[in-house]
Amino acid sequence: MNKPYIINTHSHVNMLKNLPVEQAVKTCSNENIIIIIPSYNNKSIFEVDELTKQFDNVYGYVGVFPEEVKEFSDKTLSDMETIIKNNKKIIGIGEVGLDYYWDKSFVDLQKEVFIKQIEFANEMNLPLNIHCREAFDDTLEILKQYNKNSVAIMHCFSGSIEFAKECIKQGIYIALGGVVTFKNAVKVKEVASEIPLEYLLLETDDPYLTPVPHRGTENQPSYVKLVAQEIAQIRGISTDEVASAATKNALKIFNTLTF
Ligand code: NI
(Lines give C-alpha, C1' and ligand atoms only; values in the text may rest on other atoms or scores of the structure.)
Protein backbone atom coordinates (compact mmCIF):
# COMPACT_ATOMS: atom_id res chain seq x y z
CA MET A 1 0.00 0.00 0.00
CA ASN A 2 1.19 3.51 -0.76
CA LYS A 3 2.17 5.71 2.09
CA PRO A 4 -0.32 8.56 2.64
CA TYR A 5 0.82 11.97 1.47
CA ILE A 6 2.11 14.30 4.14
CA ILE A 7 1.98 18.05 3.63
CA ASN A 8 4.82 19.78 5.44
CA THR A 9 3.19 23.17 5.93
CA HIS A 10 6.37 25.05 6.93
CA SER A 11 9.86 24.15 5.71
CA HIS A 12 12.75 26.50 4.91
CA VAL A 13 14.32 23.84 2.69
CA ASN A 14 16.14 26.66 0.88
CA MET A 15 18.02 27.50 4.10
CA LEU A 16 19.62 24.09 4.69
CA LYS A 17 23.40 24.24 4.95
CA ASN A 18 24.33 20.57 5.01
CA LEU A 19 22.07 19.19 2.31
CA PRO A 20 21.55 20.51 -1.24
CA VAL A 21 17.97 21.66 -1.72
CA GLU A 22 17.55 19.27 -4.70
CA GLN A 23 18.41 16.31 -2.53
CA ALA A 24 16.15 17.33 0.38
CA VAL A 25 13.25 17.88 -2.02
CA LYS A 26 13.90 14.56 -3.81
CA THR A 27 13.88 12.64 -0.55
CA CYS A 28 10.49 14.20 0.20
CA SER A 29 9.18 13.41 -3.24
CA ASN A 30 10.20 9.72 -2.80
CA GLU A 31 8.35 9.63 0.51
CA ASN A 32 5.16 11.37 -0.73
CA ILE A 33 5.91 14.57 1.16
CA ILE A 34 4.76 17.94 -0.18
CA ILE A 35 6.65 21.01 1.06
CA ILE A 36 5.35 24.54 1.52
CA ILE A 37 8.16 27.10 1.87
CA PRO A 38 7.56 30.38 3.71
CA SER A 39 9.20 33.64 2.71
CA TYR A 40 10.68 35.93 5.33
CA ASN A 41 11.77 39.15 3.62
CA ASN A 42 11.59 41.26 0.44
CA LYS A 43 14.11 39.10 -1.38
CA SER A 44 13.05 35.64 -0.30
CA ILE A 45 9.61 36.06 -1.90
CA PHE A 46 11.35 35.81 -5.28
CA GLU A 47 13.43 32.84 -4.21
CA VAL A 48 10.34 30.97 -3.04
CA ASP A 49 8.58 31.83 -6.30
CA GLU A 50 11.49 30.28 -8.23
CA LEU A 51 11.67 27.12 -6.10
CA THR A 52 7.99 26.33 -6.62
CA LYS A 53 8.63 26.41 -10.36
CA GLN A 54 11.65 24.16 -10.05
CA PHE A 55 10.06 21.29 -8.09
CA ASP A 56 6.68 19.59 -8.47
CA ASN A 57 6.21 18.88 -4.78
CA VAL A 58 7.12 22.41 -3.62
CA TYR A 59 4.62 25.19 -2.92
CA GLY A 60 5.17 28.57 -1.28
CA TYR A 61 3.98 31.44 0.87
CA VAL A 62 4.93 35.07 0.33
CA GLY A 63 5.25 37.38 3.31
CA VAL A 64 7.58 39.28 5.60
CA PHE A 65 8.64 37.83 8.94
CA PRO A 66 8.34 39.96 12.14
CA GLU A 67 12.10 40.45 12.48
CA GLU A 68 12.31 41.86 8.93
CA VAL A 69 9.43 44.33 9.03
CA LYS A 70 11.69 47.40 8.89
CA GLU A 71 12.23 46.77 5.19
CA PHE A 72 8.53 46.19 4.45
CA SER A 73 6.97 48.71 2.02
CA ASP A 74 4.16 49.16 -0.49
CA LYS A 75 6.60 47.83 -3.08
CA THR A 76 6.78 44.56 -1.08
CA LEU A 77 3.01 44.23 -1.30
CA SER A 78 2.90 44.94 -5.02
CA ASP A 79 5.73 42.44 -5.63
CA MET A 80 3.82 39.86 -3.62
CA GLU A 81 0.67 40.54 -5.60
CA THR A 82 2.48 40.14 -8.93
CA ILE A 83 3.98 36.83 -7.80
CA ILE A 84 0.60 35.50 -6.62
CA LYS A 85 -1.17 36.52 -9.83
CA ASN A 86 1.43 34.73 -11.95
CA ASN A 87 2.06 31.60 -9.91
CA LYS A 88 -0.70 29.26 -8.77
CA LYS A 89 1.77 27.46 -6.50
CA ILE A 90 1.94 30.43 -4.15
CA ILE A 91 -0.85 29.32 -1.86
CA GLY A 92 -0.66 31.55 1.20
CA ILE A 93 0.78 34.56 3.01
CA GLY A 94 3.62 33.76 5.41
CA GLU A 95 5.40 33.74 7.55
CA VAL A 96 3.88 36.81 9.18
CA GLY A 97 3.07 37.68 12.77
CA LEU A 98 4.62 38.90 16.01
CA ASP A 99 7.81 37.95 17.80
CA TYR A 100 8.48 39.46 21.23
CA TYR A 101 11.28 37.03 22.01
CA TRP A 102 14.20 38.47 20.04
CA ASP A 103 13.61 42.18 20.01
CA LYS A 104 10.78 44.18 21.56
CA SER A 105 12.02 47.57 20.37
CA PHE A 106 9.73 47.77 17.34
CA VAL A 107 6.57 46.04 18.49
CA ASP A 108 4.35 48.78 17.04
CA LEU A 109 5.89 48.37 13.62
CA GLN A 110 5.52 44.57 13.87
CA LYS A 111 1.83 45.02 14.60
CA GLU A 112 1.34 47.51 11.79
CA VAL A 113 2.97 45.24 9.19
CA PHE A 114 1.16 42.17 10.52
CA ILE A 115 -2.18 43.97 10.09
CA LYS A 116 -1.26 45.09 6.56
CA GLN A 117 -0.38 41.53 5.60
CA ILE A 118 -3.61 40.17 7.12
CA GLU A 119 -5.59 42.67 5.06
CA PHE A 120 -3.57 41.70 2.00
CA ALA A 121 -4.26 37.98 2.60
CA ASN A 122 -7.98 38.82 2.91
CA GLU A 123 -7.87 40.72 -0.36
CA MET A 124 -6.05 37.85 -2.12
CA ASN A 125 -8.33 35.34 -0.39
CA LEU A 126 -5.34 33.28 0.79
CA PRO A 127 -4.56 31.54 4.10
CA LEU A 128 -2.13 33.01 6.65
CA ASN A 129 0.88 31.14 8.04
CA ILE A 130 1.56 32.83 11.35
CA HIS A 131 4.73 33.13 13.38
CA CYS A 132 3.83 33.88 17.01
CA ARG A 133 6.52 33.85 19.66
CA GLU A 134 5.79 35.10 23.16
CA ALA A 135 3.09 37.32 21.68
CA PHE A 136 0.06 35.11 22.13
CA ASP A 137 -2.57 37.60 23.32
CA ASP A 138 -1.65 40.33 20.84
CA THR A 139 -1.57 37.90 17.90
CA LEU A 140 -5.02 36.52 18.68
CA GLU A 141 -6.44 39.98 19.38
CA ILE A 142 -5.20 41.33 16.04
CA LEU A 143 -6.53 38.29 14.18
CA LYS A 144 -9.94 38.65 15.83
CA GLN A 145 -10.07 42.31 14.94
CA TYR A 146 -8.63 42.38 11.42
CA ASN A 147 -8.88 38.94 9.81
CA LYS A 148 -12.10 38.73 7.86
CA ASN A 149 -11.86 35.76 5.52
CA SER A 150 -8.42 34.08 5.59
CA VAL A 151 -7.87 30.73 7.27
CA ALA A 152 -5.10 31.21 9.84
CA ILE A 153 -2.47 28.67 10.86
CA MET A 154 -0.38 29.03 14.01
CA HIS A 155 2.95 27.76 12.78
CA CYS A 156 5.18 25.84 15.19
CA PHE A 157 2.61 26.23 17.92
CA SER A 158 4.28 26.88 21.28
CA GLY A 159 1.40 28.01 23.48
CA SER A 160 -0.60 26.25 26.16
CA ILE A 161 -3.55 23.93 25.57
CA GLU A 162 -5.79 26.76 26.82
CA PHE A 163 -4.41 29.07 24.13
CA ALA A 164 -4.78 26.30 21.51
CA LYS A 165 -8.44 25.98 22.44
CA GLU A 166 -8.88 29.76 22.16
CA CYS A 167 -7.38 29.61 18.67
CA ILE A 168 -9.55 26.68 17.60
CA LYS A 169 -12.61 28.56 18.79
CA GLN A 170 -11.66 31.19 16.20
CA GLY A 171 -11.21 28.52 13.51
CA ILE A 172 -7.42 28.79 13.67
CA TYR A 173 -5.38 25.67 12.83
CA ILE A 174 -2.52 24.38 14.98
CA ALA A 175 0.68 23.31 13.18
CA LEU A 176 3.08 21.17 15.20
CA GLY A 177 6.75 20.56 14.44
CA GLY A 178 9.78 18.80 15.90
CA VAL A 179 9.38 20.35 19.34
CA VAL A 180 6.64 17.80 20.06
CA THR A 181 9.34 15.10 20.12
CA PHE A 182 11.42 16.88 22.81
CA LYS A 183 11.29 15.10 26.13
CA ASN A 184 10.71 18.29 28.12
CA ALA A 185 8.10 19.80 25.76
CA VAL A 186 5.27 19.09 28.16
CA LYS A 187 2.97 21.87 26.91
CA VAL A 188 3.30 20.96 23.23
CA LYS A 189 2.75 17.26 23.97
CA GLU A 190 -0.41 18.21 25.84
CA VAL A 191 -1.59 20.20 22.82
CA ALA A 192 -0.75 17.24 20.53
CA SER A 193 -2.78 14.94 22.73
CA GLU A 194 -5.85 17.12 23.25
CA ILE A 195 -6.65 19.20 20.17
CA PRO A 196 -9.21 17.82 17.73
CA LEU A 197 -7.45 16.11 14.80
CA GLU A 198 -9.54 18.34 12.51
CA TYR A 199 -7.35 21.30 13.50
CA LEU A 200 -3.93 19.64 13.29
CA LEU A 201 -1.27 20.38 10.69
CA LEU A 202 2.28 19.06 10.39
CA GLU A 203 5.53 20.90 9.69
CA THR A 204 9.26 20.93 10.48
CA ASP A 205 10.45 24.58 10.34
CA ASP A 206 13.76 23.13 9.14
CA PRO A 207 16.65 23.86 9.35
CA TYR A 208 15.60 24.68 12.95
CA LEU A 209 14.07 22.55 15.71
CA THR A 210 15.33 19.12 14.65
CA PRO A 211 13.17 16.30 16.04
CA VAL A 212 14.38 13.36 18.13
CA PRO A 213 16.42 11.23 17.32
CA HIS A 214 18.35 13.66 15.10
CA ARG A 215 18.82 16.49 17.61
CA GLY A 216 22.23 18.12 17.27
CA THR A 217 22.14 17.79 13.46
CA GLU A 218 20.42 19.99 10.90
CA ASN A 219 16.69 19.50 10.52
CA GLN A 220 15.24 18.59 7.10
CA PRO A 221 11.75 18.52 5.59
CA SER A 222 11.41 14.71 5.39
CA TYR A 223 11.63 14.54 9.19
CA VAL A 224 7.99 15.65 9.20
CA LYS A 225 7.15 11.94 9.40
CA LEU A 226 8.85 11.82 12.83
CA VAL A 227 6.52 14.58 13.96
CA ALA A 228 3.51 12.55 12.75
CA GLN A 229 4.92 9.46 14.44
CA GLU A 230 5.29 11.20 17.80
CA ILE A 231 1.79 12.70 17.70
CA ALA A 232 0.44 9.24 16.81
CA GLN A 233 2.22 7.71 19.77
CA ILE A 234 0.94 10.42 22.14
CA ARG A 235 -2.65 9.92 20.92
CA GLY A 236 -2.45 6.14 20.75
CA ILE A 237 -3.36 5.97 17.06
CA SER A 238 -1.42 5.04 13.93
CA THR A 239 1.00 7.36 12.15
CA ASP A 240 -1.01 6.95 8.94
CA GLU A 241 -4.12 8.12 10.75
CA VAL A 242 -2.36 11.30 11.92
CA ALA A 243 -0.83 11.90 8.48
CA SER A 244 -4.15 11.38 6.67
CA ALA A 245 -6.03 13.69 9.04
CA ALA A 246 -3.42 16.45 8.74
CA THR A 247 -3.30 16.10 4.95
CA LYS A 248 -7.07 16.29 4.73
CA ASN A 249 -6.98 19.51 6.78
CA ALA A 250 -4.24 21.00 4.63
CA LEU A 251 -6.14 20.22 1.43
CA LYS A 252 -9.19 21.92 2.86
CA ILE A 253 -7.17 25.05 3.64
CA PHE A 254 -5.05 25.06 0.48
CA ASN A 255 -7.78 24.16 -1.96
CA THR A 256 -5.62 24.94 -4.99
CA LEU A 257 -2.95 22.45 -3.92
CA THR A 258 -2.89 19.38 -6.18
CA PHE A 259 -0.69 16.30 -6.42
NI1 NI B 1 9.91 29.55 9.89
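**Cysteines, a nickel site and a surface patch**

The sulfur of Cys-156 lies 11 Å from the closest cysteine sulfur, which belongs to Cys-132, and this separation is too far for a bond. The model examined here is a predicted one, and in it Cys-156 counts as buried because its relative accessibility is 16%. For Cys-167 the closest cysteine sulfur is likewise in Cys-132, but the distance of 7.5 Å is again too far for a bond, given that a disulfide requires the two sulfur atoms to be within 2.5 Å. Cys-167 is also buried, with a relative accessible area of 0%, and the count of disulfides comes to 0.

A nickel ion is held by protein donors from His-10 (NE2), His-12 (NE2), Glu-95 (OE) and Asp-205 (OD), which lie 2.2 to 2.5 Å from the ion. The angles subtended by these 4 donor atoms run from 83 to 172 degrees, and the arrangement is therefore irregular. Along the sequence, the donor residues follow the spacing H-x1-H-x82-E-x109-D. Because His-12 lies in the loop between strand E1 (6-8) and helix H1 (21-30), whereas Glu-95 belongs to strand E4 (residues 90-99), this pair ties together parts that are 83 residues apart in sequence. Both His-12 and Glu-95 are buried.

On the surface, a nonpolar patch is formed by Tyr-5, Leu-251 and Phe-259, which together have about 260 Å² of accessible area. Of these residues, Tyr-5 is located in the segment before E1, and its relative accessibility of 32% means that Tyr-5 counts as partly exposed.

Technical notes. Residues numbered from 1 in each chain as written. Predicted model: local features only at pLDDT ≥ 70, side-chain atom pairs only at ≥ 80, totals over all residues. Heavy atoms only, no water. Donors = N, O, S within 2.8 Å, 3.2 Å for Na, K, Ca; no water. Tetrahedral: all angles 85-135°; square planar, octahedral: opposite > 155°, others 65-115°. Helix = DSSP H or I, 4+ residues; strand = E, 2+ residues; numbered from the N terminus. Buried < 20%, exposed > 50% of the residue type's maximum accessible area, 1.4 Å probe, protein only. Patch = residues over 30% accessible without salt bridge, like charges linked within 9 Å, V, L, I, M, F, W, Y side chains within 5 Å. Areas by Shrake-Rupley, 256 points an atom, 1.4 Å probe, with all protein chains shown as cover. Salt bridge = Lys/Arg side-chain N within 4 Å of Asp/Glu carboxyl O.
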